[in-house]
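Biologist: I am new to this structure. Please show it to me, and then I will ask about it.

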There are 2 protein chains.
Amino acid sequence: MAVTLADVAARAGVSAATVSRVLNGNYPVAGTTRSRVLRAVEELEYVVNGPASSLAAATSDLVGVLVNDIADPFFGIIAGGVQSKIAPVDVPDARGRKLAVVCTTGGSPEQELTYLTLLQRQRAAAVILTGGAVEDPAHQVALAAALRRIERAGARVVLCGRPPLDPPVRTEGADDTAPPTAGGPGGAEVPLPHPAELPHPACLAFDNRGGARALTEHLISLGHREIGYLAGPAERTTTRHRIEGHRAALEAAGLAEGIGDRVVHGRFDRDSGYEGARELLRRMPGLTAVAAANDTVALGACAALREVGLRVPEDVSVTGFDDLPFAAEAAPALTTVRLPLHEAGARAGLLALGVEEPPPGGVAVIDAELRVRASTAPPPSGPRPARAG
Amino acid sequence: MAVTLADVAARAGVSAATVSRVLNGNYPVAGTTRSRVLRAVEELEYVVNGPASSLAAATSDLVGVLVNDIADPFFGIIAGGVQSKIAPVDVPDARGRKLAVVCTTGGSPEQELTYLTLLQRQRAAAVILTGGAVEDPAHQVALAAALRRIERAGARVVLCGRPPLDPPVRTEGADDTAPPTAGGPGGAEVPLPHPAELPHPACLAFDNRGGARALTEHLISLGHREIGYLAGPAERTTTRHRIEGHRAALEAAGLAEGIGDRVVHGRFDRDSGYEGARELLRRMPGLTAVAAANDTVALGACAALREVGLRVPEDVSVTGFDDLPFAAEAAPALTTVRLPLHEAGARAGLLALGVEEPPPGGVAVIDAELRVRASTAPPPSGPRPARAG
DNA sequence: TTGAAAGCGTTACCAC
DNA sequence: GTGGTAACGCTTTCAA
């Protein structure tokens with residue numbers, strides 16, 4: 001079998017308790033004893049049994065990171081930011097380093113809940129939930145419950161790039177004192193927790209509304225009037241908030257009429273951008289600008305535009321969200337809202353460690369910064385030039 | 001305290017052993033007992049204590065995945081492939097699902113070793129090492145030792161997108177029977193393990209040589225003669241193998257003379273590509289094509305070329321490695337070698353689970369498939385057009 | 001098919 | 001400062 005604490009203790013001529021103290025550095029130990037123990041550790045190539053210490057100490061070195069898709073740089077960058085804090089490279093040995101358990105949910109509520117249970121089972125020290133949330137009320141209730149359980153189990157919970165937990169929705173006419181309920185799909189009634197029962201995870205939210213508004217205002221300020229919007233999946237907060245910002249900009253400019261026809265829903269990927277742009281071209285003969293739900297979608301849109309012989313941004317201006325490092329190359333003229341993904345992840349890591357205090361009120365809104373990558377052109381005068389395709 | 005097995009057992013009116021058997025499904029349990037236990041689990045919201053079961057069972061549900069940088073889609077895609085197999089979404093409950101511990105080493109040998117120790121400490125069920133290896137002999141020895149330890153501790157080891165462990169280097173004139181040694185930096189002698197002592201991890205290697213060769217042959221077949229190469233960091237296997245393939249193609253065409261001046265080393269990132277391309281432009285007045293160590297580097301090169309007024313691929317053809325989804329948008333004419341990153345990751349996941357048998361001989365070479373994204377142009381006749389910059 | 005009980009390797013409390 | 005020793009919660013033999 002593997003070398004144990006007792007083996008090390010025997011070799012060093014001390015008790016197991018002493019070895020534990022040396023290794024954890026929590027208690028004072030005499031210098032000479034200490035070095036004797038460390039030598040024994042070296043000689044025996046002793047490696048602590050993590051599960052055993054987690055069992056005894058009732059906590060682990062694991063931090064769960066829930067992401068939609070780890071292959072998407074949006075989440076990869078956040079995960080990298082988290083790791084930079086929970087496992088800093090400059091610490092001498094492995095002491096105090098936490099490990100990141102990355103969980104790909106694919107945006108599925110069920111997977112999200114499953115992973116939360118698995119992380120609770122591991123007695124994870126913290127759980128970080130990233131990216132937009134699904135807006136299904138039943139799931140929000142289930143999620144709140146799961147987070148409450150995992151918090152009670154001693155884990156810190158951090159939301160990163162994700163809005164705060166919704167306050168419970170009250171059904172109209174509900175008794176003020178009874179726990180409110182929400183109509184689930186098919187009319188099933190779902191009990192909602194009282195606000196006081198909601199967990200209060202630290203939350204780092206992105207300013208999706210403000211960013212989307214800035215993006216569209218920028219297009220309007222250039223003179224664009226026929227602006228299409230490529231939105232994400234309908235049931236996600238990220239999607240809704242970005243659309244709201246987009247609409248607010250249009251409304252302020254008196255351009256919101258008929259906006260429904262100029263918004264196309266899809267997924268957060270390139271293919272969606274491609275298909276969506278083709279759909280917009282079909283619907284909008286006068287299209288001069290496209291705002292996309294994120295950079296990846298914007299890239300797909302660029303491809304569709306190029307394919308029919310339109311140029312970006314001379315014929316159609318394209319804007320995106322996220323500021324992924326690749327988007328800059330893909331469309332040099334892309335106007336982008338920059339989300340500080342790495343820094344948000346890093347801060348989430350500090351919150352997960354308990355090193356940084358939660359923001360006042362529990363929620364910090366992280367500004368989305370408008371970055372104009374290159375000159376974006378004003379709309380061409382007259383109707384869109386007829387091209388091949 | 002939290003709910004324990006004993007609580008569930010009490011509630012269900014059975015023994016702890018029975019509850020354990022129901023939960024693990026390893027032993028036959030009477031149907032009625034079984035449902036009684038499951039009901040108790042539900043009612044008490046019981047969640048298994050992972051560390052406790054890991055301690056008792058001497059294994060955990062953790063799979064370590066070592067990557068250079070999780071923010072790089074190259075590694076993100078591989079990690080996604082791993083997860084698709086170790087935590088398939090279609091299993092009913094959480095049974096048998098493993099968690100991926102993603103460790104960002106930043107390419108540092110020390111970090112690599114540190115993480116291996118941390119994963120051994122967690123009693124990880126498996127460890128997957130991804131991406132090119134550092135070629136420092138001392139580190140190879142240390143790595144081999146660490147892998148041997150972790151294998152002895154019961155973990156499976158899988159190399160993914162990474163060459164097999166080097167056989168020990170023999171110093172010239174070394175005694176045939178004594179353990180060979182290698183001269184470390186500064187002349188320090190590092191003991192090398194005998195071949196028999198080397199661990200034999202399952203290995204999924206990429207055909208970096210073949211891919212790079214195909215890439216350069218493609219450029220040559222188009223008529224290019226002045227081909228620059230943007231290489232990765234000097235001390236990595238990936239870099240060396242890709243350069244070897246590049247050189248082989250040049251030699252076969254009689255173009256290898258003076259190749260040293262046409263290879264620029266850098267990192268595997270965009271900035272390196274940008275700087276490297278500028279350096280190539282300086283050194284090679286007749287440059288008509290650039291082969292890059294990977295897609296990200298190629299993107300940087302495109303930016304540098306555009307900046308001085310050159311067009312891709314009309315003035316300079318650019319090729320890349322990896323086939324990242326973004327590269328297609330960034331340089332529509334980029335010629336790329338496709339590495340099946342997701343599939344390699346998935347297969348690594350199966351090997352990590354022990355579900356799939358290691359390839360015969362331990363090593364499977366995964367073909368790098370040349371994919372020409374769009375027509376790449378032949379070299380312009382005459383010297384490079386003089387442009388701004 | 002089920003139960004009792006002996007570990008698994010640490011931690012942390014209590015003495016000394 | 002150090003040692004002894006109960007937990008910690010589960011798995012797994014061994015009996016029944």
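Biologist: How do the residues of the surface near DNA strand C divide by class?

Modeller: This is a predicted model, where local features need pLDDT of at least 70, side-chain atom pairs count only at pLDDT 80 or more, and totals for chains, interfaces and linings use all residues. Residues are numbered from 1 along each chain as its sequence is written, while chains are lettered from A and ligands numbered from 1 in the order in which they are written. A residue is near a strand if its C-beta atom, placed from the backbone, lies within 6 Å of it; Ala, Val, Leu, Ile, Met, Phe, Trp, Tyr, Cys and Pro count as nonpolar, Asp, Glu, Lys and Arg as charged, and the others, Gly among them, as polar. The surface near DNA strand C has 20 nonpolar, eight polar and no charged residues.

Biologist: Which residues come nearest to DNA strand C?

Modeller: There are 28 residues around DNA strand C. Helix 2 and helix 4 of chain A, and helix 2 and helix 4 of chain B, each supply at least two residues of that surface. Helices (H or I, at least four residues) and strands (E, at least two) are DSSP runs, numbered from the N terminus. The nearest are L5(A), S20(A), S53(A), A56(A) and T33(B).

Biologist: Which element gives the largest share of the surface near DNA strand D?

Modeller: DNA strand D is surrounded by 30 residues, with A30(A), L5(B), S20(B), S53(B) and A56(B) the closest. By class they divide into 21 nonpolar, eight polar and one charged. The largest share is six residues, and it comes from helix 2 of chain B.

Biologist: How do helix 1 and helix 2 of chain B pack: roughly parallel or roughly perpendicular?

Modeller: Their axes lie 8 Å apart, at an angle of about 100 degrees. Axes are lines fitted to C-alpha atoms, for helices over the stretch in contact, and angles run from 0 to 180 degrees between N-to-C directions. Angles under 35 degrees count as roughly parallel, over 145 as roughly antiparallel, 65 to 115 as roughly perpendicular and the rest as oblique. So helix 1 of chain B is, to helix 2 of chain B, roughly perpendicular.

Biologist: How many residues of chain B are in contact with chain A?

Modeller: Two residues are in contact if their C-beta atoms, placed from the backbone, lie within 7 Å. Of the interface residues of chain B, 100% are also interface residues in chain A, so the copies meet through the same surface. On the chain A side, 48 residues take part, and on the chain B side the number is 48.

Biologist: Which residue of chain B stands opposite V102(A)?

Modeller: Two strands pair if DSSP finds at least two bridges between them. Strand 2 of chain A and strand 2 of chain B run antiparallel, joined by three bridges. Opposite V102(A) stands A100(B).
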